[in-house]
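User: Could you take a close look at one part of this model for me and then set it in its surroundings?

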Amino acid sequence: MASGTGQSAPVLQVAGVSRSFRSRQGTVQALKGVDLTVGPGELVGLLGLNGAGKSTLLKIISTLLLPTGGTVRVCGHDVARRPREVQRRLSLVLGGERGLYLRLSARDNLRFFATLTGLKGPDLARRCEQAVEFVGLGPAADRPVETYSKGMRQRLHLAIGMVTRPELLLLDEPTVGLDPAEAENIRTAVSAMRDQGTTILLTSHYLNDIEQLAERVVVLHDGRVLHDLPLPRLLERAKTAAVVTLTGRGTAPPQPPVALDGLASVGTLQQHASSWSLELHVRAWTPESLRHLADLWPDQQLTDVRVAPSGLQQVFMELADDVKSPA
Amino acid sequence: MNHLAPAPWWRVAAAAFRLQFRGISWLSVLVGAAIQPATYVTITLAANHRGGLDPDAVVLGSAVLSAWTATLWHAGMVLRRELWAGTLPAICSRPGGLGPILTGKSVASATLSVAVITVSVSLSAALSGHPLTVARPVEFTAALALGFAATLPLGLLVACLFLLTRAALRVAEALVYPVFIVGGLLIPLAALPGWARPVSGGLSLHWLSVLLADAAAGRPSGLLPWCALPVTGLLYALAARIAFGRVLHRARKEGSLEIF
């Protein structure tokens with residue numbers, strides 16, 4: 001299921017990687033032969049339900065965990081045999097508010113983590129300055145991190161990840177818990193890094209992140225790669241073309257007449273104070289569909305029809321349903 | 001893309017040292033390294049108004065006890081503090097290495113505490129009318145430095161044990177006073193039962209207190225304490241290295257230590 005792009009040597013090669021954990025309850029197989037190749041400059045989204053193996057895979061790539069089987073190479077270096085070489089070439093950015101020295105300033109945090117990767121002297125100072133400016137923390141860079149908002153802390157994580165200009169950047173849930181404005185700031189910064197040629201592997205529960213940023217999506221399920229496709233091709237796999245939300249005045253019809261051509265499924269009917277709404281998942285949506293709906297519901301006083309084309313969210317939910325209840 | 005040359009261990013340790021100093025909690029230093037030792041000295045000297053104890057031994061004993069405990073606990077908690085802060089994934093996925101960072105941070109916090117304890121105990125003793133006199137300052141300083149260097153690896157060993165065994169923290173707390181007793185700081189070694197005395201030979205605390213007491217009193221210590229102190233330090237360092245390897249093995253290979 002591996003698919004890389006381009007002719008140049010891949011930045012990341014994951015071949016048949018497995019990882020098991022032993023506990024008192026028995027052995028848990030977190031990864032079961034994962035194959036994945038990421039070419040230079042690619043931004044690949046890694047999707048999966050909780051427990052799919054995303055975090056385990058990121059930990060193996062970043063040398064924090066050893067695989068129990070298979071190999072992982074970063075820029076040609078094996079993570080198990082040459083971890084130092086791998087560490088020089090990648091940066092792991094974890095989401096959340098932890099992982100920083102809160103009593104210290106952003107500059108202090110940046111300088112420290114950059115020193116660990118080998119930056120020194122004037123280069124260290126210059127790159128730290130560039131990194132704080134890049135993520136928009138310049139005016140607050142000397143304040144203790146404990147005074148920062150969630151979004152500012154996340155931006156600092158990103159600055160720490162990029163200050164050494166890694167060849168591979170691993171981003172784990174970079175927008176988790178952020179308000180929409182801060183999440184957009186993070187996406188803008190990640191997008192700029194992608195434009196500068198950084199290879200990025202991104203995991204996120206916010207499918208908006210993946211949809212806006214990734215060119216390719218890898219779906220992990222139960223420790224295996226379920227899909228590895230360019231984003232447009234993954235979107236084509238949607239069983240429905242759109243979600244149509246009907247809104248009507250008054251009381252909802254007891255049995256909605258929804259015998260519509262191309263109808264995939266009917267969502268829950270919701271009754272509000274003086275209106276009702278109903279979601280329809282349709283395989284195809286044309287102007288005729290709208291006319292047909294109006295004919296079907298002549299007395300129900302439809303006040304609004306909203307059509308949302310299926311996105312990654314829809315595809316992901318369908319995939320999740322499929323794997324939860326296989327046919 | 002440029003590949004940065006890996007930082008040498010001493011630069012990483014120095015960066016960790018600087019970071020620790022900048023993030024120091026002055027309130028905890030004030031309480032743990034200034035007020036607490038000063039209270040020990042002042043109260044013990046006041047209680048000793050009939051002169052049953054040698055005032056110099058009281059002052060020196062309080063200082064050694066405080067400094068040894070501070071060194072041990074600062075080094076011992078360094079790994080746990082990183083775990084609490086959630087910084088271990090970022091540290092361990094970078095080429096600097098965890099060992100130099102823990103060493104740099106332990107040295108920073110322990111050095112500061114020992115320096116503050118020294119000042120605090122000296123001032124308290126002087127204000128109580130029993131200033132500590134050191135007959136052989138060179139030997140005294142050398143013993144202090146050697147004792148510090150020998151105790152730090154014990155702290156790092158304890159730091160690893162704290163992660164490897166959940167109960168280790170409670171066990172260590174329970175062992176504090178038995179160790180003081182076996183080290184000869186609370187009860188003279190001569191008063192201990194015969195079977196307990198050899199145990200003190202394995203404690204850097206015992207040899208450190210012998211050397212400091214001798215240097216303060218102007219007595220020659222002989223070769224044994226001067227050799228035994230670094231040997232205990234080397235043994236602790238060896239054990240710490242093994243325990244550190246075990247921590248990394250359990251974290252990376254077994255995945256049974258959830259520190260990342």
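Analyst: Let's start with helix 1 of chain B, where B:Val12, B:Ala13, B:Ala15, B:Ala16, B:Phe17, B:Leu19 and B:Gln20 are buried. Buried here means that 20 or more other C-beta atoms, placed from the backbone, lie within 10 Å of the residue's own. This is a predicted model, so local features need pLDDT of at least 70 and side-chain atom pairs count only at pLDDT 80 or more, while totals for chains, interfaces and linings use all residues. Residues are numbered from 1 along each chain as its sequence is written, with chains lettered from A and ligands numbered from 1 in the order in which they are written.

What covers those buried residues includes helix 3 (106-117) of chain A as well as helix 5 (98-127) of chain B.

Buried residues make up 43% of its 260 residues. Of the contacts in chain B with a separation of 6 or more, 78% join residues 24 or more positions apart, a contact being two C-beta atoms, placed from the backbone, within 7 Å. As for overall dimensions, the C-alpha trace of chain B spans about 70 × 40 × 35 Å along its principal axes.

Technical notes
A residue is buried if 20 or more other C-beta atoms lie within 10 Å of its own, exposed if 12 or fewer, and partly exposed in between; C-beta atoms are placed from the backbone. Helices (H or I, at least four residues) and strands (E, at least two) are DSSP runs, numbered from the N terminus.
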